[in-house]
Amino acid sequence: MDPQGDTPKKNNTEHLVADRREGIGVCGWILVSLSFLLVLITFPISIWACIKVIREYERAVVFRLGRILSKQAKGPGLILILPCTDTFIKVDLRTVTCNVPPQEILTKDAVTTQVDGVVYYRIHSAISAVANVTDVHSATFLLAQATLRKILGTQSLAQLLAGREEIARSVKAILDDATEQWGIKVARVEIKDIRIPVAMQRAMAAEAEAARDARAKVVAAEGEMNASKTLKQASIVLAESPAGLQLRYLQTLTTLAAENNSTIVFPLPINMLESLGQKNKGG
């Protein structure tokens, strides 16, 4: 059996398909017997029409006189069918990529957007996929479109842009539940692109730029406030220690000398000049 889940799930729908099968009746058995007899008479030429090869990733749903022959699909490998009474349908079990085209959505806050996505799914029950729906791939595609529009219509633009993963999980859960009776297993849903009108893009860019400018002004104002507080504390410290002011002068000179300037401004304290003047008067 296929390790990917070839054995049909025991769901109510599959039981309904399997259990409602009735006997083929006396006429049916007569036709089957005649078909088997025809194979024996024309053997070994008829063997080429009776033996069919089913690939590893395929399963065959066999119908005998219009009724499903078994509760499980046949394959992979060689299967035997009877001419005239048996027909079969091959079902591919590989993962299918369903590309959802851009859907025009009106969001919760009345913004028109276009959203496209992709759905990955595979058939886990060949019998349900054949017996319960006319075209399982077309049905899954249309349901994915409708589900995507339904989910996105309940979201605002901000939620749509920020919550792609959550929206994808919601779409996957709804699709997986709805397609279970069709023998479909949804593996993954991805939101590929979200397109918004050009005017809305410009408005959003202007809003973002204004918000950045406002934050920059707030940061600059906070920096000025912190700098003024620090300068106030520094002035208090220098007022308490006049020698500290002289050391600050010398440090400033050292900084200027390191830059190789030709002109150096040397600040001379006023109290030093006053003391020199008093000495000259005394002398």
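Arginine 64 and aspartate 86 join their side chains in a salt bridge, with N and O 2.8 Å apart. The pair links distant parts of the chain: arginine 64 sits in strand β2 and aspartate 86 in strand β5, 22 residues apart. The model is predicted. In total the structure holds 7 salt bridges.

- Arginine 64 is buried, at a relative accessible area of 19%. The cut-off for buried is under 20%, so arginine 64 falls within that class.
- Aspartate 86 also counts as buried, with 7% relative accessibility.
- A salt bridge also pairs glutamate 58 with lysine 90. Their closest N and O atoms are 4.0 Å apart.
- Glutamate 58 belongs to strand β2 (residues 58-64) and lysine 90 to strand β5 (residues 86-92), so this pair ties together parts that are 32 residues apart in sequence.
- Glutamate 58 is buried, with a relative accessible area of 9%. Lysine 90 is partly exposed, with a relative accessible area of 40%.

- The side chains of aspartate 176 and lysine 185 form a salt bridge, 3.0 Å from N to O.
- Aspartate 176 counts as buried at 14% relative accessibility. Lysine 185 is partly exposed, and its relative accessible area is 30%.

**Annotated segment, residues 29-51**

- An unreviewed UniProt entry lists residues 29-51 as "transmembrane region".
- In the model, the chain over residues 29-51 is 74% helix and 4% strand.

**Nonpolar surface patch**

- A nonpolar patch on the surface is formed by Val26, Ile30, Leu31, Leu34, Phe36, Leu37, Leu40, Ile41 and Leu65.
- Together these residues have about 880 Å² of accessible area.
- Isoleucine 41, one of the patch residues, is placed in helix α2 (residues 25-41).
- Isoleucine 41 has 60% relative accessibility and therefore counts as exposed. The cut-off for exposed is over 50%.

Conventions. Residues are numbered from 1 along each chain as its sequence is written. This is a predicted model: local features need pLDDT of at least 70, side-chain atom pairs count only at pLDDT 80 or more; totals for chains, interfaces and linings use all residues. Side-chain values use heavy atoms; hydrogens and water are left out. UniProt positions are given in the numbering used here, feature names are shortened, and annotations may be inferred rather than shown by experiment. Helices (H or I, at least four residues) and strands (E, at least two) are DSSP runs, numbered from the N terminus. Patches are made of residues with over 30% relative accessible area and no salt bridge: like charges are joined within 9 Å, nonpolar side chains (Val, Leu, Ile, Met, Phe, Trp, Tyr) within 5 Å. Accessible areas come from the Shrake-Rupley method with a 1.4 Å probe; for residues, only the protein chains shown count as cover. Buried means under 20% relative accessible area, exposed over 50%, partly exposed in between (1.4 Å probe, protein chains only).
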